[in-house]
Amino acid sequence: MLNPKMEEALNNQVTAELYSAYFYLAMSSYCESISLSGCAKWMRAQAQEELYHGIKIYDYINERGGRAVMAAIDKPPAEWESIQDMFAAVLAHEQKVTGLINDLMNMAQDERDHASTSFLQWFIDEQVEEEASVGEVVDKLKLIGKDGNGLFVMDRELGRRIFTPPAAG
Ligand code: FEO
C-alpha cells in the first residue's frame, strides 16, 4: 500500500508527465506551422512517450492501492524564436523532469518504500536516455545554424522517429 505522501508525489508526477505531453504537442503544432514536418513528427512521438510515462505512473498508483487523480494541466507556450530555441527548451524541460524523478526517488528511499524505489529506477534510466537524445539534436542544430540544406536533412532524419511502447509495458 502506498503511503499518502508518496501517493501525492506520484500523482504530481502524473500531472507533470501529462503536461510534458501537452508541451510537446504544442511544439509539434509550431513545427507544422513553419513547415518542419519531420520535427513535428518527432515532437508528436515525444508527446506519445510522455503520455505513456504518465499512464505508467497512473497504473502503478492504482496497483499499489492508491488512487490516480487528474489535476489541471497548465497551458504550454505556443511560440518559439527558432527550431534551435525550441529544442533548447526541450532539453531544459527534460533536465527539470530529471530533477523531479530524482526527488521522487529520494522520497521513496527516505520512506523505505522499496517497491517505489524499484519502479522509479526505470524512470531514472529513461531520463538519462531522454537527455542524451535531445542533447544530440541540440548539438546538431547548433552546427547547422541557419543552413537551409542542413535543416532540410535534419528534419527528414527527425521525421523517422516512431514511438513504440516498451514491450515490458
Ligand atoms: Fe517523461 Fe520526457 O520525461
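Q: Why is Arg161 called buried?
A: Its relative accessibility is 17%. Buried means under 20%, so Arg161 qualifies. The model is a predicted one.

Q: Where does Arg161 sit, and what does Arg161 touch?
A: Arg161 lies in the segment after helix 5. Leaving out residues up to four places away in sequence, Arg161 touches Lys41, Trp42, Ala45, Gln46 and Glu49.

Q: How do you know that Arg161 and Ala45 are apart in sequence, and what is their distance in space?
A: The two are 116 residues apart along the sequence. Their C-alpha atoms are 6.9 Å apart. Contact is judged on heavy atoms within 4.5 Å, and Ala45 is on the list of residues that Arg161 touches.

Q: What makes Ala45 buried or exposed?
A: The relative accessible area of Ala45 is 2%. The cut-off for buried is under 20%, so Ala45 is buried. Ala45 is placed in helix 2.

Q: Which residues are in contact with Ala45, leaving aside neighbours within four places in sequence?
A: They are Arg161, Ile162 and Phe163.

Q: How do you know that the span of helix 2 agrees with its number of residues?
A: Helix 2 covers residues 37-63, which is 27 residues.

Q: What follows helix 2, and what is its phi?
A: Gly65 follows helix 2. The phi of Gly65 is positive, near 85°.

Q: What makes the phi of Ser35 worth a remark?
A: Most residues other than glycine have a negative phi. Ser35 has a positive phi, near 60°, and is a residue other than glycine. Ser35 is placed in the loop between helix 1 (4-33) and helix 2.

Q: Why is Ser35 called exposed?
A: Its relative accessibility is 63%. Exposed means over 50%, so Ser35 counts as exposed.

Q: What is the phi of Arg112, and where is Arg112 placed?
A: Phi of Arg112 is near 55°, again a positive value in a residue other than glycine. Arg112 is in the loop between helix 3 and helix 4 (114-144).

Q: How do you know whether Arg112 is buried or exposed?
A: Arg112 has a relative accessible area of 63%. The cut-off for exposed is over 50%, so Arg112 is exposed.

Q: Why is Asp147 called partly exposed?
A: Its relative accessible area is 41%. Buried needs under 20% and exposed needs over 50%; partly exposed is in between. Asp147 is therefore partly exposed. Asp147 lies in the loop between helix 4 and helix 5 (148-158). Its C-alpha atom and that of Cys39 are separated by 16 Å, with the two residues 108 apart along the chain.

Q: What makes His93 count as buried?
A: His93 has 9% relative accessibility. Buried means under 20%, so His93 counts as buried. His93 lies in helix 3 (residues 83-110). Not counting residues up to four places away in sequence, His93 touches Tyr19, Ser20, Phe23 and Tyr24.

Q: How many helices and strands does the protein have?
A: There are five helices and zero strands. Along the sequence the pattern reads α-α-α-α-α.

Q: Why is the protein called as compact as a globular protein of its length?
A: Its radius of gyration is 17 Å. The globule rule gives 15 Å for 169 residues. The two values are close, so the protein is as compact as a globular protein of that length. Along the principal axes, the C-alpha atoms fill a box of roughly 55 × 30 × 25 Å.

Q: What share of contacts joins residues at least 24 apart?
A: The share is 81%, among contacts between residues at least 6 apart in sequence.

Definitions and conventions
Residues are numbered from 1 along each chain as its sequence is written. This is a predicted model: local features need pLDDT of at least 70, side-chain atom pairs count only at pLDDT 80 or more; totals for chains, interfaces and linings use all residues. Side-chain values use heavy atoms; hydrogens and water are left out. Helices (H or I, at least four residues) and strands (E, at least two) are DSSP runs, numbered from the N terminus. The radius of gyration is taken over C-alpha atoms; the globule rule is 2.2 Å times the number of residues to the power 0.38. The expected span of a helix is 1.5 Å times one less than its number of residues. Buried means under 20% relative accessible area, exposed over 50%, partly exposed in between (1.4 Å probe, protein chains only).
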